[in-house]
Amino acid sequence: MNFKERILTTLNHEEPDQIPVMGLIMDPSTVSQVTGKSATNIVNFLDKPVLGKVAKGLVNTNWFWNRMYYGNFALAMESSIQLGFDANWSIYALMKLYEDPASTLGTAMHDAYGRVWEMGTNDRGDLSVDYSRALCPTEAEWEAWVDAKAPLFDQLVKNATGFHKKLADKYSHRIMPIGYAAPGIFENSWQAIGFVNFTKLVYENPEFVKRVVAFQTDLYLRYLEGVMDSGVEVVLGGDDLGQKTGPLMRPALIDKFFGESYRRVAELVHSRGRKFIFHSCGKIYQFLDMFIDWGFDGIITMEPTADMDLARVREQVGHKLALVGNLDVSHLLVRGSHKEVDQAVRDAIRAAGPGGGYILSAAHSHPYVDATRLQWMVEAAHEHGRYPLQG
Amino acid sequence: MSAQEMEKLKEALLDLNKAGVLEVVSATATTADLQAAKLAVEAIAGALQVVGKRFQEGEWFLDELVYSGEIAKQAMEKLSPILCDETQPTQGCVVIGTVFGDLHDLGKDIFINFATSAGFKVIDLGVNVSVEAFTKAVLEHQPVALGISCLLTPAAGGIPQVIQDLVEKGVRESLKIIVGGAALTEKFSLEVGADAFAPDAVTGTDIIRAWSEGQ
Ligand code: B1M
């Protein structure tokens, strides 16, 4: 079986030749560890008087942004291939640089949805770009934002389609690119407004919240169409619905405000003959039955530090959901020993591998996920993951 | 404030009935009666204890924790002109921030709401806070406690750096340090020199309250 058959077979809950392994590689830090090449670090340029001005101008042009973004993900794909993964995710984002006195560098990225992303470099000198704040804390600001940004939303969908297509065209004969349509409807709804404000609005102005969700749902469905137009065969959707000890919001409220949207997402993906896997961090046992009900095909993450136990998940959902992930990124894939990684892979395979329906992967990505540990993870999967599984 | 009014205030908060809570505290605020305001704070703090328990037991969810905290915050704002009478000591000052490299703020903000509602003056340094900024704020505000939040393993190494800097500046001895967040464990927290680890905001508030009252 090749990597593609392996992934598709397991997603159909049949046993492939061996447990497939998926990379969640995107962080420049991990990429530079594997390839020896550093990703473009624009933070270094921004500080320089003349070069900085030129860099800011360049980053805000569509062609340069897309080129830089694609370049980083192409390196992530190369790294995943080198490490022996069967698949890797690919995520597109559209951001513009703005003077932003409230940010640490005085300059920050603003995305199309209304989020601020702080740029920085970690202690290894690699670029990091992370969500930090909301730009539309009130109803009026949100309405004004979406009115003003209509052309940007079209651009976003167009760029994302092109980005995923270019990656799929270039890499799908060597690895399976999994198109990650992220952030999802829940995150796009709350992160432009801020969690605290959004929560207040859920209780005090539910009609506005419904409007936000309807807007984000339509945009997300367009975005998903674009990702699928690129040719990718498996789609990930991303929304963190959980935190360490349980749901981020009462599950009944999530179902009330977002359930219909998620159903539409699953229907759309299925109407195009594809599978939909849902990413959510945190402790999410209470959502598993909803995921099945909404029509999802699988879930990715199952964070062990949030008490997500693969065997328990499998017991709860049976083979109604494919499972992806679960290898810890707090200790195991950061500084775990070879023996620990090997044991964790065996445990995961034993818990979720029988009957197919399991793809081994890290629970998440962050800059300190160590490439050597990822390599051990792949090797252990090859060693212990051959079907029929032993003991 | 009568026992009945205190009960009404507590119930309103536990029903997430913001209008009900604000009605009671507004009435209290107009009397400018310090004793009544203190009883209102007691009722709010009591309700938040119940909220915290419900959250810990999985009966309530994060949205309810956040929203009850927000209602409590607004109630405290109404009462603060009476409570801030200079002659009255508050619980003291707490400096809080999320460690450098980490931009997660939900847990920190919930802790701030609970600490504020318990009568603390909170200096919020925000997220991605450098070692220097933590130390500078401690020197400037002389807090009862310093709170550090951390959800990312890669950022956790920043906590001992903050503590080390406070030692070097000679202010560690006079200060209690509390840490919390998904990346941390009690073992790690104590090993790196914090005085306490808070698994949640309610426990965290209880800990700093005990420190403040023990002073
Ligand atoms: C001072 O005294 C105190 C006292 C008590 C204190 C305290 C301080 N601080 C907290 N407490 C305590 O009281 C609170 C209430 O009782 C509790 O606070 P918590 O903060 O624990 O809980 C909050 C109330 C709710 N919980 C949360 O807000 C965190 C939930 C999860 C799902 C999470 C979220 C929501 C987010 N994230 Co992030 N995120 C995850 C989280 C999964 C998890 N297991 O928690 C975690 C933390 N994230 C992770 C990662 C990897 C990342 N995240 C990132 C981004 C994000 C979002 C922007 C999407 C969003 C944050 C939004 C925001 N403004 O905060 C990135 C990093 C950004 C950065 N540099 O900070 C990114 C690196 C992802 C990426 N590759 O881009 C993981 C960290 C893994 C690790 N061990 O390092 C993670 C555990 C998820 C996972 N699947 O593994 C207690 O801990």
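This is a predicted model: local features need pLDDT of at least 70, side-chain atom pairs count only at pLDDT 80 or more; totals for chains, interfaces and linings use all residues.
Which side chain has an N or O atom 2.9 Å from a nitrogen atom of the ligand? It's Asp130(A).

On the chain B side, His104(B) puts a polar side-chain atom 2.8 Å from a nitrogen atom of the ligand. Back in chain A, a polar backbone atom of Lys244(A) sits 3.2 Å from a ligand oxygen. Several elements each give two or more residues to the shell around the ligand: from chain A they are β6 (127–134), α8 (185–191) and β9 (242–243), and from chain B they are α5, β3 (145–149), α7 (153–156) and β4 (176–180). The biggest giver is α5(B), with 4 residues.

The ligand carries a cobalt atom, and its single donor from the protein is NE2 of His104(B), 2.3 Å away.

Now zoom out to the whole shell. There are 42 residues around the ligand, and the closest are Glu303(A), Leu103(B), His104(B), Ser149(B) and Thr153(B). Because the surrounding residues come from chains A and B, the site is shared between chains. Sorted by class, the shell has 19 nonpolar, 16 polar and 7 charged residues.

Next, follow chain A to helix α7 (residues 150–171). Its 22 residues reach 32 Å from first C-alpha to last, close to the 32 Å expected at 1.5 Å a residue. An α-helix has 3.6 residues a turn, so residues three or four places apart point the same way.

Last stop: Ala381(A), in helix α16 (residues 371–384) of chain A. Is Ala381(A) buried or exposed? Its relative accessibility is 0%, so Ala381(A) counts as buried. Setting aside neighbours within four places in sequence, Ala381(A) is in contact with Val21(A), Val345(A), Ile349(A), Leu360(A) and Arg386(A). As for Trp89(A), it is 292 residues from Ala381(A) in sequence, and their C-alpha atoms are 19 Å apart in space.

Note on methods: Residues are numbered from 1 along each chain as its sequence is written. Chains are lettered from A and ligands numbered from 1 in the order in which they are written. Side-chain values use heavy atoms; hydrogens and water are left out. Donors are N, O and S atoms within 2.8 Å of the metal (3.2 Å for Na, K and Ca); water is not among the atoms, so sites may look incomplete. A residue is near a molecule or strand if one of its heavy atoms lies within 4 Å of it. A polar contact is a pair of N or O atoms within 3.5 Å; within protein, one must be able to donate a hydrogen and the other to accept it, and residues adjacent in sequence count only if both atoms are side-chain atoms. Ala, Val, Leu, Ile, Met, Phe, Trp, Tyr, Cys and Pro count as nonpolar, Asp, Glu, Lys and Arg as charged, and the others, Gly among them, as polar. Buried means under 20% relative accessible area, exposed over 50%, partly exposed in between (1.4 Å probe, protein chains only). Contact means heavy atoms within 4.5 Å. The expected span of a helix is 1.5 Å times one less than its number of residues.
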